[in-house]
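Dear colleague,

I am passing on the structure we spoke about, with notes on one helix pair in it. Could you look through it alongside the text below?

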Amino acid sequence: MSDTPFGFGLPPEEPDDGDEGKKKDQQSGGGQGPASPFGFGTPGAGGFGGPGADNPFAAMFGSMNPNDLGAAFQQLGQMLSYEGGPVNWDMAKQIARQTVSQGTPDGRKDASVGPAERNAVQEAVRLADLWLDDATALPSGAGTAVAWSRAEWVEATLPAWRELVDPVAERVGNAMGDVLPEEMQAMAGPLIGMMRSMGGAMFGTQIGQAVGVLAGEVVGSTDVGLPLGPSGKAALLPANIEAFGKDLGVPQEEVRLYLALREAAHQRLFAHVPWLRSHLFGAVDGYARGIKVDTAKLEDVVGQFDPQNPEQLQEALQQGMFQPEDTPEQKAALARLETALALVEGWVDAVVHTAAKPRLSSADALRETLRRRRASGGPAEQTFATLIGLELRPRRLRDASRLWASLTDAHGVDGRDGLWAHPDMLPNASDLDDPDGFVHREQLDFSELDKMLGEAAGKPDLEKKDDEGPEADGRDGSDGKKGDGTE
């Protein structure tokens, strides 16, 4: 997966005779142009007036068979006719499904989940929920447990990806129109519209590739620390779980159960902390909206843009146009997002370890394997880096896990989980730097907070009545009249 936000490579599928087509193109003198994002040439790369001009479609499409030619025209039509939002999500879905159908680099293909695998996942989630009852005060959040293929994971999570990615893509789409002088924008309207359509398609291509690759790595619906799947549905991917545990020397049943614990713990948190999802997605949106587009680079691309050579825009996007603004607001947004994700992952890590340690002999090994997976650039870091230019810092996850464990020791399970009652009660970034200081700090419970808020709300009325005692409270009609000076 590309480390560059919205970096573009070739699409997942090329014509079956693509190599032959390249050879023929090179022999005809048309192999010097850049590769098209859809696997076919353009008039500028071989040219309608060059060799093969008697058949311009042959110059454009080489030796494609009719089926490939039809698919190419279909994709080109989608690219130029798109008039939706900043990302062509229909194309993203199509590319993601194509990427999944190709299989992973090690040759593992996607396959439908059989009854035995579904039963194994359901049993693992059921047992995991029983174990978690002793480790957290939050009740079960998984109404159902499902086993997904990779293609099913793509279908189920695309709505969440749309919510996460659109803010960044929207900034680029707007920037494409803003880089031209105002007096030129009306004249260049069709060109700007074409560029935006192509930009939406290209973003869709890259996001589809990223999601398709991620589908070959994730083991559940919450691997990135965000609720990507439907609410209340614990999901595991049997094929990816098998690949994950292949070389660990741990029984497959233990691997499945440990990962079920993590999935079920995430589900509890997101189900019973109602503000958490919007808090996390709002943090992502806040950070994304602080990213600025390199307008100088975009101006250069627009100034040299050739409608017959759309690869220019693709190559510019591949080089990266996003730069986080170095402002206090953007730094605060980044800290808020990193801290929120670290608190979620740290809580899950601590709770799952408490539940698994006395029951699974491999609990320590599996815990460390997952931590190293994240630290070495696992699915979460790679996807965020690709889609919004954000890399999570694994150090924050370990700090958060230690903080939640210390809270359990100091205040018990109920005291620890009670902090999720309101976002203002959660640790902040500085608290992750000093977990002991936070753990032993005097904590304000909500009964006291409610009392303070009630007193603050009633304070103006009390001041108006000049502290006249019980009569000023207005608890009944006669007292209220006395407070007004009437008998």
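Predicted model: local features only at pLDDT ≥ 70, side-chain atom pairs only at ≥ 80, totals over all residues.

Residues are numbered from 1 along each chain as its sequence is written, and side-chain values use heavy atoms, with hydrogens and water left out.

The chain holds 21 helices and 4 strands, taken as DSSP runs (H or I of at least four residues, E of at least two) numbered from the N terminus. Of its 487 residues, 47% are buried, that is, under 20% relative accessible area with a 1.4 Å probe, protein chains only.

Helix α10 (residues 252-272) is mostly covered, with 16 of its 21 residues buried. At 1.5 Å a residue, α10 should span 30 Å, and its end C-alpha atoms are 30 Å apart, which agrees; the expected span is 1.5 Å times one less than the number of residues.

The axes of α10 and helix α14 (residues 328-356) come within 9 Å and cross at roughly 130°, where axes are lines fitted to C-alpha atoms over the stretch in contact and angles run from 0 to 180 degrees between N-to-C directions. The two helices are therefore oblique to each other, oblique being whatever is left after under 35 degrees (roughly parallel), over 145 (roughly antiparallel) and 65 to 115 (roughly perpendicular).

Best wishes

Conventions
Buried < 20%, exposed > 50% of the residue type's maximum accessible area, 1.4 Å probe, protein only.
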